[in-house]
Amino acid sequence: MAIEIKTPFTRETLKNLKAGDNVLITGTIYTARDAAHKRLVELLNEGKELPFDPKGACIYYVGPSPAKPGRVIGSAGPTTSYRMDPYAPQMMDAGVMGMIGKGKRDDNVKAKIVEHGACYFAAIGGAAAIIADRIKTAKIIAYEDLGAEALREITVEKFPATVIVDPTGKDLYIEGKKEYLEWKEKNE
């Protein structure tokens, strides 16, 4: 059964989530990929404000396809997260509490997740059309010149994701593999 959570996130919202938990996220999240993250971190380095309030924010690593007529957004599948690893620690220091993507994160990102009580979630790869149905509004708020990679504010309703790295640093990609190998050894 999925756990329903709402944005903006707080330590309290996320503290009981465990790697492997399925969640349904409702609220405002932001979309940004590596080009937008580079610009966001440059703003932070210059002591300037971000184009959104990062406190408790969740960022979805996605570059959606154009919306078809009558649709809010096009296909919106997750992007590989490691490309944001150089920027994610600074974004969490600025207040970001959640990240959604696919794939592994580096140790620096995981350490910041623990420090801030944040979470890294995976969206379902290959289910981009289903995910798009959970996005109720979408508007570009910065970096329109980046096209699909522009910074968007989106409203989601019961957006499906899985906790990959929980606030304690437990990583499903590591723990899941260990559990499988232990199970396999016992059952061979």
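How many bridges join S2 to strand S7, and do the two run parallel or antiparallel? I took this up as my opening entry, working on a predicted model, and found nine bridges between S2 and S7 (residues 151–165), with the two strands running antiparallel. Within this pairing I noted Tyr30, which stands opposite Glu153 in S7.

**Other partners of S2.** I then looked up strand S1 (residues 3–6), which is joined to S2 by four bridges in a parallel arrangement, and there I found Ile5 standing opposite Ile25 in S2. Strand S3 (residues 58–60) also runs parallel to S2, with two bridges between them, and I recorded Ile59 in S3 as the bridge partner of Tyr30. For S2 itself (residues 22–31) I checked burial and found the strand mostly covered, since seven of its 10 residues are buried.

**Aromatic rings.** My search of the whole structure for aromatic pairs returned three.

**A charge over a ring.** In my last entry I noted that the charged end of Arg105 sits over the ring of Tyr120, at 4.8 Å from the ring centre.

Technical notes
Residues numbered from 1 in each chain as written. Predicted model: local features only at pLDDT ≥ 70, side-chain atom pairs only at ≥ 80, totals over all residues. Heavy atoms only, no water. Buried < 20%, exposed > 50% of the residue type's maximum accessible area, 1.4 Å probe, protein only. Pairing = 2+ DSSP bridges. Phe/Tyr/Trp six-rings, centres within 6.5 Å; stacked < 30°, edge-to-face > 60°. Lys NZ or Arg CZ within 6 Å of the ring centre and 35° of its normal.
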